[in-house]
Each structure stands twice: as C-alpha cells, then as structure tokens.
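Visitor: Hi, I have just opened this one and would like to be walked through it. Could we start with a loop and work outwards from there?

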Amino acid sequence: MFGNIKNCNNTEDFRRLAKSKLPSPIFHYIDGGADDEITMKRNTESYENCDLIPNVLRGVEDVDISTTVMGQNIDMPLFCSPTAAQRLFHYQGERAVSKAAEKFGTMFGISSLGTVGLEEIGSNIKTPKMFQLYYHKDRGLTDSMLERCHAANFDVLALTVDTIVTGNRERDLRTGFTMPMRLALESILSFATHPSWAINYFIREKFDLPILKDHIPEANFAISLSDYFSKMLDQSMNWKDAEELRKKWGKDFCLKGIMSVEDAKRAVDIGATGIILSNHGGRQLDGSRSPFDQLSEIVDAVGDKIDIICEGGITRGTHVLKALSLGAKACSGGRMYLYALAAGGQKGVEKALSNMKNEMIRDMKLMGCTKLSDLSRKNIRFR
Ligand SMILES: Cc1cc2nc3c(=O)[nH]c(=O)nc-3n(C[C@H](O)[C@H](O)[C@H](O)COP(=O)(O)O)c2cc1C
C-alpha cells in the first residue's frame, strides 16, 4: 500500500516507506532522538495545543507564500535544514535534496558532515544555499571551510551551537550505527533484507565526508558520532568565537540551536541576521522545551531585530502557518524531507516538498489569507 512515493501524501506515509527501504540502523539514526525522546515527540505535539481561527469571504484565488529570510528570497516559508550523511539514506544524497529544493525555490542547507562536495553544490544550485558549520578544534579546518563556502557562493552560514557534545541517542547505541556502516553481523543481516539499498550503497560512489576528509584522516574511516563530537569539535566555543566567525564570514550569519531569550538577545548583539530556534529535532538535550512552545517569548524579545526560524517536529502546512502567526519569519525541517529522500531520492523529496507547499497554499486559502503578512496572533488561540 505504501510501496510508491505517489501514494505518500504526508510525512508519516514517507516515514513508513523509508522504514521499509532502509537497513534498521540507518532508519533509526534518522527517526530517533535523545534519551526517552520526550522532546522529540513534544516538538510535533506542541503544534496541537493551539488552533487556527480562519476568516472567510476574502477573495483568495491568488496566494503568495514567498518570503525573505536572512536576506534570501524563497518561494515558500519552509526550507531544508542541514542534515548529515545524506548519501547513507539514498545514493543521490545531497544532490537530490539540493535539486529538489531548487525546483521549489527554497533554501537548502548542507551539513559539515555532508557527503557531496561544497564546490559541486555551489556550481549546480542557483537558489539560496546555507552551510552548517560545526566548530572544530582545528582552526585551519574551520577557515578552509569558510573559504570554500565563499568560493562556492554559499549565501548563509549557520553555526550549530546545541551540539557541544552529542546527545544520548540510545537507538544508535542499540543498533551500533556508525558512519559509514560497519560490517557487523547485524548490519550484514540488515543489508541482506534490504538488497536494493545495499546494492546502491556498494556499487555507487564510495561513502565519504568530502568537506572534512582532507583535514581529518579519521573521516575516511568508520567513526561514531560521539567520537566525532568529543574528539574533533571545540567544547570551549563561546560568544566571542561566534562573533569572530560572523565577522570572518561577512555575509548572512545565523546561530542554529538558540532556545533562550538571553541567547537570542546576544545573537542580536553579535550581529547575527537570524536565529534558528531549535533543539536539533530532539536529538540533543531531552527534556528541553520545544521551539514552538518557546516561540512567542523569543518573538516578543527580539522579533523586530532578527529573523527567527522555527524548526523541529514540522510535518504539516498548518504547523508552518501557526509558527508564522506567532511571528516566525520562516520554518525549516529535517525529517520531513529525509524520510522522502530515503523513500525515493530526488523524486521523493520533490513529492514531500510539493505536499508541504500544496498544504500551505490550501491552508492559507482556508484561513482567508493571500500573503504571509496576513497571518498574526489574532488568528491563533491556545487551548
Ligand atoms: C538524520 C539527521 C541528521 C542531522 N544532522 C545534522 C547536522 O549534521 N548538523 C546540524 O546542525 N543538524 C543536524 N540535524 C538536525 C537538523 O538540522 C534539524 O535541526 C532537525 O532535523 C529538525 O527537526 P525535525 O527533523 O523534526 O524537522 C540532523 C537531523 C537528523 C534527523
């Protein structure tokens, strides 16, 4: 029933299809969160504690959902968050996600742990591009990443600030997930039961981490995520470092993983153009608040000074409309396109983005809104 991306009408449909296609350690790496996964679940549930109040009879035949966020013009207020290792999920990896994002006129974020080179993405993708930076102990590596991003015409630098150590992802501990996949007994069994994934994984371009590999010999070998974060990243990173990075970069800059009002204000002080309100999809500090629950406080404090992106748990167009009603400039998501990537490569991601875009346009019409600025706190109530 769910064997075809054409039948995937929502994120949950793609999730089921991805589950059937991926070896279980890989599926659980995408699907899982930290500790008891309470924050991960709350991220989506928080959208269910409030309701939209539509207006009618407003002439809604033409709806414009384009917006400008961090200086980038995008055709819809939802973009693809940076996520690691996409060629593990489907052999087309970042090539598929970036092309699908380009087709929908939205921004694509590539991770420091990306599996396609920055230069290739830079020369092939004309729509806005974000590079997500992890702050390495090796300053030469950080500098070289910035230079390569400049040369490849990346538009926005996102410094991830919520991953100073990796979260306790117990599903990965249980499945023995590593990057790339290690040939342990369980993974061989998983490969055997998912032959089409396994054939693609072994006959296509070898897995690697091209953004890191020239600097870190370990990047060529199987690494666990906790090893990467604890050995290679700089836990002394502080506000001064973030400010210096912003100056060095010189273009639009955001902090990914801001949650408190205090930090949001400091992001304004160091000259960031955006903050991604995020708990890393519930993969880091379990028990932390959901971005949507925290959104109004942040908007009240800094909404007129910086672009606020709300991220985490978004699976529906109405989630985006709710976040925008509270004052977010745009939203972004990870799993909403990753399941689709695993399910069907570029065509899968295109279908997922098309589902979300159609939902947003339909929901705008049902709300009696023709442009995003029509959305406001007047049209939302908490239960
Ligand atoms: C499989 C996976 C890998 C991720 N890798 C990264 C990463 O390399 N860097 C980063 O800043 N965030 C990473 N994230 C977090 C996403 O950028 C984003 O914050 C999160 O997916 C949002 O939650 P959602 O998946 O519920 O939309 C990853 C998320 C997932 C699911």
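Visitor: Is Asn 55 buried, exposed or partly exposed?

Guide: This is a predicted model, and in it Asn 55 counts as partly exposed, because 13 other C-beta atoms lie within 10 Å, whereas a residue needs 20 or more to be called buried. Asn 55 sits in the loop between E1 and E2.

Visitor: And what does Asn 55 touch, leaving aside residues up to four places away in sequence?

Guide: Asn 55 touches Met 367 and Gly 368. The C-alpha atoms of Asn 55 and Leu 366 are separated by 7.8 Å, although these two residues are 311 residues apart along the chain.

Visitor: Where is Leu 57, then?

Guide: Leu 57 is also placed in the loop between strand E1 (50-52) and strand E2 (67-69). Leu 57 counts as exposed, because it has 6 C-beta neighbours inside 10 Å, and its phi is near 60 degrees, which is a positive value in a residue other than glycine. Most residues other than glycine have a negative phi.

Visitor: What is phi like at Glu 37?

Guide: At Glu 37, too, phi is near 60 degrees, a positive value in a residue that is not glycine. Glu 37 belongs to the loop between H2 and helix H3 (38-45), and it counts as partly exposed because there are 17 C-beta neighbours inside 10 Å.

Visitor: Changing topic: how many helices and strands does the protein chain have?

Guide: The secondary structure of the protein chain comes to 16 helices and 12 strands. The chain is as compact as a globular protein of its length, because its radius of gyration is 20 Å, close to the 21 Å that the globule rule gives for 383 residues. The C-alpha trace spans about 60 × 55 × 40 Å along its principal axes, and 51% of the 383 residues count as buried.

Visitor: What share of the contacts comes from residues 24 or more positions apart?

Guide: Among contacts in the protein chain with a separation of 6 or more, residues 24 or more positions apart account for 73%. Lys 19 is found in helix H1 (residues 11-21), and it is partly exposed because 17 other C-beta atoms lie within 10 Å.

Visitor: Which strands make up the closed barrel?

Guide: The closed barrel has eight strands, running E4-E5-E6-E7-E8-E9-E10-E11 with parallel pairing. On average, and with direction ignored, neighbouring strands of this sheet are turned by 25 degrees against each other.

Visitor: Is strand E6 enclosed or open?

Guide: Strand E6 (residues 129-133) is largely enclosed by the rest of the structure, because five of its five residues are buried. In a regular strand the side chains alternate between the two faces of the sheet. In E6, Lys 129, Phe 131 and Leu 133 point one way while Met 130 and Gln 132 point the other way, and all are buried. Strand E5 (residues 108-110) runs parallel to E6 and is joined to it by three bridges, with Gly 109 standing opposite Met 130.

Visitor: How many residues of E8 are buried?

Guide: Seven of the seven residues of strand E8 (residues 252-258) are buried, which leaves the strand mostly covered. Strand E7 (residues 156-160) pairs with E8 in the parallel sense over five bridges, where Val 156 stands opposite Asp 252. E8 is also joined by four bridges to strand E9 (residues 274-277), again running parallel, and the bridge partner of Leu 255 in E9 is Ile 275.

Visitor: What about E10 and E11, how do they pair?

Guide: Strand E10 (residues 307-311) and strand E11 (residues 330-333) pair in the parallel sense over three bridges, and Glu 311 stands opposite Ser 332 in E11.

Visitor: Last one: which residues are closest to the ligand?

Guide: The ligand is surrounded by 24 residues, and the closest are Ser 81, Ala 84, Ser 111, Gly 281 and Gly 334. Helix H2 (24-31), strand E4 (78-83) and helix H16 (335-367) are the elements that give two or more residues to this shell. By class, the shell has eight nonpolar, 13 polar and three charged residues.

Notes
Residues are numbered from 1 along each chain as its sequence is written. This is a predicted model: local features need pLDDT of at least 70, side-chain atom pairs count only at pLDDT 80 or more; totals for chains, interfaces and linings use all residues. A residue is near a molecule or strand if its C-beta atom, placed from the backbone, lies within 6 Å of it. Ala, Val, Leu, Ile, Met, Phe, Trp, Tyr, Cys and Pro count as nonpolar, Asp, Glu, Lys and Arg as charged, and the others, Gly among them, as polar. The radius of gyration is taken over C-alpha atoms; the globule rule is 2.2 Å times the number of residues to the power 0.38. A residue is buried if 20 or more other C-beta atoms lie within 10 Å of its own, exposed if 12 or fewer, and partly exposed in between; C-beta atoms are placed from the backbone. Two residues are in contact if their C-beta atoms, placed from the backbone, lie within 7 Å. Two strands pair if DSSP finds at least two bridges between them. Axes are lines fitted to C-alpha atoms, for helices over the stretch in contact, and angles run from 0 to 180 degrees between N-to-C directions.
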